[in-house]
Amino acid sequence: MTETTKTEVPDAVPTPTPAQRGLVPLPVAAARGLLLAGGIATAASAFLAWTWTAEFPGDLTINGYPGGLQWLTFTAGILTALFALASYGICGLGWLLPARNNAPLALTALGGFAVTWFTVIAISTKLGGVVNLEPGGWIAAVASLLPVLGAFALPQEHTGDGTKAALKAYIAKPDRIPATQATAPWIQRAVITVVTIIGLGVFTYGIDTEYGELFVGYLFVVVFAMWALHTAGLLDRFSALVARNRSFTLAMGFAAAIAFPFTQTDDHYANIGVNILIFGTVALGLNIVVGLAGLLDLGYVAFLGVGAYTAALVSGSEFSTISGVHLPFWASALAGAAASLVFGVLIGAPTLRLRGDYLAIVTLGFGEIFRIAVNNMDGQSGPDVTNGPNGIPSIPDLNLLGFNFGQAHDIGGFTLGRFANYYLLMVLIMAIVVLVYTRAADSRIGRSWIAIREDETAATAMGINGFRVKLIAFALGAALAGLAGTVSAHVTYSVVPTPYQFAGSTPPNSAFLLAAVVLGGMGTVAGPLLGAALLYLLPEKLVFLQEKSLLAFGIALILLMRFRPEGIIANRRRQLEFHETGQLDVPKQTTLTDEPAVTKAGA
């Protein structure tokens, strides 16, 4: 009996054979050296003055201290240098490249190049020519080009993720124990904690960006960095950690959400945060209908409007047509959720026997009917219920147990303004919604939704009552949207018909809600929340583009759907649907004697 020999996998990226070539004709050693030197030079160039005048935002005129967009160039340069060192197999950095491929090096180099050249072009455009660049700007432009040349001189894996290369490494060394099993539980939780803190810092930096150019540079760095982490296989490893510590990860996520308003000194950013949570809660409710049950709903924003109008009518507004009614918040929240649930049943009962495009057309019609109806209930064109186009203004702030949400409060030395108070309330409501969503998705009814989504005919043949299951999904999703609408009414002080339409320039509307679910990842919890955050932040931060903002926004969506059709945070089943074949190299099959299998051609 022969002894099995174990194949070792080097910590560094394997040296390519002569047959393997990069896009740039350079020796591999020179390419890696250029990549490392270029990353260091890019980071160092951020400490030079890039322009002579402070008219360009961020004050890039100081030598020895980066400012504004220079910090992003510095970050991109450091990431490039770290991945370059990892490719050499430097002790302690091997974990950066578990997939043992060169794609992360190219992506981090492209991120530094993109943010640096964007800054140089923005300075030249805004200040009136390249003459406004100091020597530091030219040095930065050249320095950021060097790692790109070095990266593209290395052979690249032509794959969309790190799974293919990671599988090759694992096959080469089958005795390697997966990191998620070999690592102690407390270390796994420490890693999740650190990643959560970094994620909170990155999100806070993005939401706090003071001008449009800085936000665009932030997007360049974040997108290319996340892409690099994905191709390196790090996101796959972190996903495995999350799967083994799901409850702890969820708790850390909510802890980070609670900590967000304490990092803000301007209540305006807390206002953005609370609106993102409202938008995300509604998107999560739509995810039940679209992501789990597979029902295309194009009028979902109407349920948000039903909840908002119900809360406005019973919360004591002097303009409410129901005079003298002032319910406490818990009662108005339940009333809004119940009203939306009733409307969901009333609309779903006669229409859910339809499928596909026909159902989409009917739900689109319902959304438009709701907006037109509340616009006409002004006492002239119809009954006096909603005050027509004027809506219901002067909705009072909430007061729970003596805590007035409309006033600033000092907590532990931090001052929380009005919007920060509502933000924390929405975090609590979001926790309830996530709990309802996860429990429903993991239940018997949730499995029925998935069966209906995959094949309604087959599910019905197996004994599932398709109509009842879809009606429950429709009603539950509508109730969650109505619950978010009750908070939205108090945050905005008024409710008017204008936002509740199919499409518009700003969220929430049905098109943006559907895009948030598809963009973030259907059938997941974090996907719609991330999609809602992106879709709310992008129009908010791209205002400087004026009429071109929607064009840039549309191009970004097209690119993302082209390269990541399953969504940013993909459900495993949907990921397999989009990448059924050609994604992994299947090892050559052998017989039990370890001899090549005999094919028919050679028999």
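Is Phe303 buried or exposed? In this predicted model, Phe303 has a relative accessibility of 1%. Buried means under 20%, so Phe303 counts as buried.

Phe303 belongs to helix H12, which covers residues 301-314. The whole helix shares this setting. Of the 14 residues of H12, 14 are buried. H12 is therefore largely enclosed by the rest of the structure. Its length was also checked. At 1.5 Å a residue, H12 should span 20 Å. The C-alpha atoms at its ends lie 21 Å apart, which agrees with that expectation. After H12 comes Gly316, with a positive phi near 90°.

Aromatic rings were examined next. A search of the whole structure finds 17 aromatic pairs. One of them joins Tyr65 and Trp71. Their ring centres are 5.7 Å apart. Their planes meet at 85°, so this pair is edge-to-face. Tyr65 counts as exposed, because its relative accessibility is 52%. Trp71 has a relative accessible area of 33% and is therefore partly exposed.

A second pair brings Phe303 back into view. The rings of Phe303 and Phe474 have centres 5.9 Å apart. Their planes stand at 90°, so this pair is also edge-to-face.

Together with Phe47 and Phe74, they form one aromatic cluster. Ile62, Tyr65, Trp71 and Tyr205 make a nonpolar surface patch of about 390 Å². Ile62 sits in the loop between helix H1 (28-45) and helix H2 (69-87). With 37% relative accessibility, Ile62 counts as partly exposed.

Arg418 lies over the face of Tyr493. The distance from the ring centre is 3.8 Å.

Tyr65 is exposed, and Trp71 is partly exposed.

Key. Residues are numbered from 1 along each chain as its sequence is written. This is a predicted model: local features need pLDDT of at least 70, side-chain atom pairs count only at pLDDT 80 or more; totals for chains, interfaces and linings use all residues. Side-chain values use heavy atoms; hydrogens and water are left out. Patches are made of residues with over 30% relative accessible area and no salt bridge: like charges are joined within 9 Å, nonpolar side chains (Val, Leu, Ile, Met, Phe, Trp, Tyr) within 5 Å. Accessible areas come from the Shrake-Rupley method with a 1.4 Å probe; for residues, only the protein chains shown count as cover. A salt bridge is a side-chain nitrogen of Lys or Arg within 4 Å of a carboxyl oxygen of Asp or Glu. Helices (H or I, at least four residues) and strands (E, at least two) are DSSP runs, numbered from the N terminus. Buried means under 20% relative accessible area, exposed over 50%, partly exposed in between (1.4 Å probe, protein chains only). Rings of Phe, Tyr and Trp (its six-membered ring) pair if their centres lie within 6.5 Å; planes under 30 degrees apart count as stacked, over 60 as edge-to-face and the rest as tilted. A charge sits over a ring if NZ of Lys or CZ of Arg is within 6 Å of the ring centre and within 35 degrees of the ring normal. The expected span of a helix is 1.5 Å times one less than its number of residues.
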